[in-house]
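Some notes on this model follow, as numbered points. Please read them beside the coordinates.

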Amino acid sequence: MSDVAYQSSWLNDELRMFRKTVHQFINEEFLPHQARWREQHRPDDEAWTAIGKAGILLPDFPPEYGGGGGTFAHETVVNEELARAGVHFGSSIQSIVGHYILSYGTEQQKRNWLPRMARGELVAAIAMTEPSAGSDLAGIKTTACRVGDHYVINGSKTFITNGWHASLVCLAVKTNPKAPDLKGISLIVVEPKNQPGYRIGRPFDKVGMNGLDTCEMFFDEVQVPVSNLLGSEGKGFNQMVQQLPYERLTIGVGAVAMAEQAVAITTKYVKNRAAFGKRLIDFQNTRFKLAQCKTEVHIGRVFLDNCIERFIAGQLDAVTAAMAKYWLTECQCRIIDECVQLHGGYGYVSEAPIARMWTDSRVQRIYAGTNEIMKELIGWSL
């Protein structure tokens, strides 16, 4: 939004310096490998330790746990720069899982896991969704039965971001299958590498975001120490409800950043592309379509910035977070679709950035709770 006389109120000089660091790292270390990452359906192993060494992982965590000592504004900067570069990397999942540990973990759990996550030595995944249970968390069937000082875990999870690389999984399980509805759900942290009974499926060949590994996970009599439980048994659903606004706001950040980038590259394209003897920008339809897109994304930016300010102040409620996830992702898809149309045939070529934005955007309206679920949450508040 460099051509708009608007500056996000949460930005300051320290964050601008941090943005330069993140921007340079992504351009030098991630962008050159994107074609290969998409082909292999996952980033390289070394990418995690590289971004950890650069000090970009867990930027909004206390320094005593290896974090950057910043706020959600620092996490926002990272996600904006990744979105604008068209790089899909699971660092936001790293932060999401980290916040579960920070909020509900014991001191020993925090000091054991968080510094290694900040260095990229542990790659985190959050495993809620199952083949027969998506947004309906009450329907999960993965169980963790206590046997002595261990839980024995059986079940499967699907569509798990960072699944291929995952060496730390925040796992939603039923510790009490007989408990009514959601009261038997707990969160257990699993370090699955080399665990007997644990395996992962190949990364899915998705419509978009293929540089990001998304896999199935299978647990067959996997043993985990009881000390890996987050909080207490039966509190898992409440913990997820409390943390989902962080994840949903993070999705909103990516939605606005990508929509802004789409408008910027489309504006450049129509100024250089000619048809019927004049530039595309000189046609009224082109200008009007881009004027509409620019206005909508600006409204989205102002709403997002308000949500960020409220989140940093500890005042963002779950309903507003649902509004942000719902409206900003719908706006993102609408704007990028218009930008594809303005590119004409070139907008349908997979090598074109706008085409990848189009396919990458669609899932935004599905994960972290579908937009239909977001509308239900908003509707319940009426």
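1. Helices here are DSSP runs (H or I, at least four residues), and strands are E runs of at least two, numbered from the N terminus.

2. This is a predicted model: local features need pLDDT of at least 70, side-chain atom pairs pLDDT 80 or more, while totals for chains, interfaces and linings use all residues. Residues are numbered from 1 along each chain as its sequence is written, and side-chain values use heavy atoms, without hydrogens and water.

3. Helix 8 has buried residues including Leu290, Val297, Leu304 and Ile308. Buried means under 20% relative accessible area (1.4 Å probe, protein chains only). The buried residues of helix 8 pack against helix 4, helix 7 (236–272) and helix 9 (318–343). Contact means heavy atoms within 4.5 Å. Just after helix 8, Gly314 has a positive phi of about 75°.

4. Tyr198 and Phe219 make a tilted aromatic pair, 5.4 Å centre to centre with 50° between the planes. Ring centres must lie within 6.5 Å; planes under 30 degrees apart are stacked, over 60 edge-to-face, the rest tilted. Tyr198 is in strand 6 (residues 198–200) and Phe219 in strand 7 (residues 214–225), so the pair ties together parts 21 residues apart in sequence. Tyr198 is buried at 16% relative accessible area, and Phe219 is buried at 4%.

Note on methods:
Buried means under 20% relative accessible area, exposed over 50%, partly exposed in between (1.4 Å probe, protein chains only). Rings of Phe, Tyr and Trp (its six-membered ring) pair if their centres lie within 6.5 Å; planes under 30 degrees apart count as stacked, over 60 as edge-to-face and the rest as tilted.
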